[in-house]
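Here is a short report on charged side chains and how they pair. Look over the sequence and the model first, then read on.

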Amino acid sequence: MVTEGNHEIEIFPIIYPHGFKAYNARWLMPYQESGSTSNLYYSFDVAGSHIVMLGSYTDFDEDSAQHKWLEADLGKIDRKTTPWVIVLLHAPWYNTNSAHKGEGENMRKAMEDLLYKARVDVVFAGHVHAYERFTRIYDNKADPCGPVYITIGDGGNREGLALMFENPTSELSLYREPSFGHGRLRVLDETRAHWSWHRNNDSDSFVADEVWLESLTTTKSCWLNTGDRDGSKVSKDEL
């Protein structure tokens with residue numbers, strides 16, 4: 001399963017005015033099964049997790065089809081069936097690298113409330129050719145009921161690595177490194193998952209960063225104001 005990035009836009013005036021022609025032809029996702037009307041955003045369930053794939057390069061404002069679909073999709077989640085909720089998108093909402101700084105800000109402002117109210121557990125992004133893991137965040141502040149944000153855009157690209165991070169380091173950013181690598185998320189059960197980032201520019205893959213995650217379904221205090229106190233239905237180094 002994939003979601004589109006900036007290299008897939010491919011808009012050429014007059015010839016291809018709407019973009020994503022090649023992407024939609026070659027990477028057809030099962031978007032209709034989740035009620036989406038676009039191949040650029042959709043969701044699916046796997047291994048006790050509800051996975052939401054968002055489109056950074058299609059309309060996302062409050063009146064857009066994507067925003068309305070996301071609100072409806074998150075509202076149908078049964079946390080007893082899928083206790084984990086994970087979101088993937090391309091342009092990161094939180095980023096302390098100088099590369100692509102602020103490019104996801106408008107989307108964050110439009111959609112962050114929806115993810116927060118649904119108690120999304122983790123948000124993965126790419127775009128920035130480096131690795132960075134944040135604490136749980138909502139509205140630019142540490143929040144135990146917000147998602148963990150992870151940028152994992154370091155798989156490799158002819159443009160090379162994004163080497164420049166801002167200093168001093170933000171207290172929200174727990175680990176960052178401009179190296180090639182890959183990540184692994186292991187969902188052990190309905191409450192625990194293990195995330196690890198493996199640096200690849202050594203002779204062997206090396207676990208450079210790892211963290212145990214706890215599903216927000218287990219954090220009762222996060223559900224007191226959502227209308228669902230047990231987290232079953234939504235209509236630190238252990239995070």
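## A pair within helix α3

The side chains of glutamate 105 and arginine 108 form a salt bridge, 2.7 Å from N to O. This is a predicted model. Both residues belong to helix α3. They sit three residues apart, about one turn of the helix.

Glutamate 105 is partly exposed, at 23% relative accessibility. Arginine 108 has a relative accessible area of 5%, so it counts as buried, the cut-off being under 20%.

Glutamate 112 is buried, at 4% relative accessible area.

Shared partners extend the picture: salt bridges join Glu105, Arg108, Glu112 and Asp139 into one network.

Which residue pairs with aspartate 121 in a salt bridge? The partner is arginine 79, and the closest N and O atoms are 3.1 Å apart. This pair connects distant parts of the chain, 42 residues apart. Aspartate 121 is in the loop between α3 (105-117) and β5 (122-125). Arginine 79 is in the loop between β3 (77-78) and β4 (84-88).

Are these two buried or exposed? Aspartate 121 is buried, with a relative accessible area of 0%. Arginine 79 is buried as well, at 3%.

## The total

The structure holds eight salt bridges. Side chains of opposite charge can pair when their charged atoms come close.

Definitions and conventions: Residues are numbered from 1 along each chain as its sequence is written. This is a predicted model: local features need pLDDT of at least 70, side-chain atom pairs count only at pLDDT 80 or more; totals for chains, interfaces and linings use all residues. Side-chain values use heavy atoms; hydrogens and water are left out. A salt bridge is a side-chain nitrogen of Lys or Arg within 4 Å of a carboxyl oxygen of Asp or Glu. Helices (H or I, at least four residues) and strands (E, at least two) are DSSP runs, numbered from the N terminus. Buried means under 20% relative accessible area, exposed over 50%, partly exposed in between (1.4 Å probe, protein chains only).
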